[in-house]
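Here is a short briefing on one protein model. Please keep the sequence and the 3D view open while reading.

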Amino acid sequence: KAQKKTHGEERFKNISFDYIASCSHPRANTVDLYIENTLHCVYKIEENLKGNVHFTLPSGEKRVTIYFPNESIFKIKNFTIDGNYKAIKNTKKTLLAYGDSITQGAGPEFASISYINILNREYKYHIIDQGVGGYRFEASHLMKIDGITPDRILVALGTNFYEKRDDYDYEKAVSDYFKTLNEIYPNVKIFLYT
C-alpha cells in the first residue's frame with residue numbers, strides 16, 4: 001500500500017534482498033532487523049532456503065542493523081533501500097573472538113541474540129568472530145589475520161572442552177594454545193570466557 005506523505009517525507013522506507021541459504025537449522029536461523037539497538041522485526045528462514053526478505057521501516061533518521069543466520073552460508077543479492085542512507089564509520093575497538101559453535105552463534109532462537117552479537121551491541125566492539133563448531137584448543141589452527149590488530153582477544157571455553165577424550169591432553173593443548181596466541185598477538189590483552 002502507498003502511504004500518505006507527511007511534511008514531504010515518506011511515511012515508511014523499505015529494505016529488501018533476495019537470499020540463498022545453505023541449510024535450515026532449528027536455531028538461530030533468522031534474519032533480524034534492529035533499529036537503534038532494539039529488535040524491530042524477525043524473518044524466519046525455516047525450510048525456505050531461497051527467497052526474499054522485505055523489511056518496512058518507520059520514517060525518520062535511524063540506525064539500522066541486520067543480523068544474518070549463524071549456522072548457514074547465507075548469500076544475498078539484489079539488496080535495495082528505497083530512501084537515503086549512509087554507512088556508519090567504524091570507530092569501535094576490535095575484539096577478536098575464538099571459540100566453538102557457541103561463539104559461532106549456535107543455540108539461541110534468533111541470530112541476533114548470540115552472546116557475540118549481544119557483546120557487539122552492549123559494548124560497541126567491532127567483533128571478528130572466529131567461532132567454529134566442534135572447536136577445541138588447537139594451537140596449529142591459529143594464524144595472524146592480515147590487516148587486523150585486535151584491541152582485545154576473547155577465548156571462550158565451550159561445551160566441547162568438557163567431553164572426555166583419552167587422545168587429547170587438555171592441559172598441554174590449553175598451554176600451547178595461549179602460548180601461540182601470545183606470540184601471534186603480543187601485548188594484546190586476552191580474556192577467557194567460561
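The points below go from the overall fold to single residues.

This is a predicted model. The protein chain holds 3 helices and 10 strands. Buried residues account for 36% of its 194 residues.

**Overall architecture**

- From the N terminus, the order of elements is β-β-β-β-β-β-β-α-α-β-β-α-β.
- The C-alpha trace spans about 65 × 40 × 25 Å along its principal axes.
- Take the contacts between residues at least 6 apart in sequence: 80% of them join residues at least 24 apart.
- The chain exposes about 12300 Å². Carbon and sulfur atoms supply 50% of that area.

**Aromatic pairs**

- The count of aromatic pairs comes to 11.
- Phe-17 and Phe-79 are a stacked pair, because their ring centres are 5.7 Å apart and their planes meet at 15°, under the 30 degrees cut-off for stacking.
- This pair links distant parts of the chain: Phe-17 sits in strand E1 (residues 12-21) and Phe-79 in strand E6, 62 residues apart.
- Phe-17 has 0% relative accessibility, so Phe-17 counts as buried. Phe-79 is at 38% and therefore counts as partly exposed.
- Tyr-19 and Phe-74 are also stacked, because their ring centres lie 5.2 Å apart with planes at 20°.
- Tyr-19 in strand E1 and Phe-74 in strand E6 are 55 residues apart, so this pair too links distant parts of the chain.
- Tyr-19 is buried, with a relative accessible area of 2%. Phe-74 is buried too, at 16%.
- Ring pairs join Phe-17, Tyr-19, Tyr-43, Phe-68, Phe-74 and Phe-79 into a cluster.

- A nonpolar patch on the surface is formed by Phe-68, Ile-76, Phe-79, Ile-81 and Tyr-85. Together these residues have about 470 Å² of accessible area.
- Phe-68 and Phe-79 belong to this patch and also to the aromatic cluster.
- Ile-81 is placed in strand E6. Its relative accessibility is 31%, so Ile-81 counts as partly exposed.

**Asp-82 and its loop**

- Asp-82 lies in the loop between strand E6 (74-81) and strand E7 (93-99).
- Is Asp-82 buried or partly exposed? Its relative accessibility is 34%, so Asp-82 counts as partly exposed.
- A polar atom of the Asp-82 side chain lies 2.4 Å from the backbone nitrogen of Asn-14.
- Asp-82 and Ile-102 are 20 residues apart along the chain, and their C-alpha atoms are separated by 36 Å.

- Thr-103 lies in helix H1 (residues 101-104). Thr-103 is buried, with a relative accessible area of 1%.
- Which residues does Thr-103 contact, leaving aside its neighbours within four places in sequence? They are Ala-97, Tyr-98, Tyr-115, Ile-116, Asp-129, Gly-131 and Ala-156.
- Two of these, Tyr-115 and Ile-116, are buried residues of helix H2 (residues 115-123). Asn-117, Asn-120 and Arg-121 of H2 are buried as well.

**Salt bridges**

- How many salt bridges does a search of the whole structure find? The search finds 2.
- One joins the side chains of Glu-109 and Lys-44, at 3.6 Å from N to O.
- This pair links distant parts of the chain: Glu-109 is in the loop between H1 and H2, Lys-44 in strand E3 (residues 38-44), 65 residues apart.
- Lys-44 has 41% relative accessibility, so Lys-44 counts as partly exposed.
- Lys-172 forms a salt bridge with Asp-176, and the closest N and O atoms are 2.5 Å apart.
- Lys-172 and Asp-176 both lie in helix H3 (residues 170-184), 4 residues apart, or about one turn of the helix.
- An α-helix has 3.6 residues a turn, so residues three or four places apart point the same way.
- Lys-172 is partly exposed, with a relative accessible area of 47%. Asp-176 is partly exposed at 30%.

Notes. Residues numbered from 1 in each chain as written. Predicted model: local features only at pLDDT ≥ 70, side-chain atom pairs only at ≥ 80, totals over all residues. Heavy atoms only, no water. Helix = DSSP H or I, 4+ residues; strand = E, 2+ residues; numbered from the N terminus. Buried < 20%, exposed > 50% of the residue type's maximum accessible area, 1.4 Å probe, protein only. Polar contact = N/O pair within 3.5 Å; in protein donor to acceptor, adjacent residues only side chain to side chain. Contact = heavy atoms within 4.5 Å. Patch = residues over 30% accessible without salt bridge, like charges linked within 9 Å, V, L, I, M, F, W, Y side chains within 5 Å. Areas by Shrake-Rupley, 256 points an atom, 1.4 Å probe, with all protein chains shown as cover. Salt bridge = Lys/Arg side-chain N within 4 Å of Asp/Glu carboxyl O. Phe/Tyr/Trp six-rings, centres within 6.5 Å; stacked < 30°, edge-to-face > 60°.
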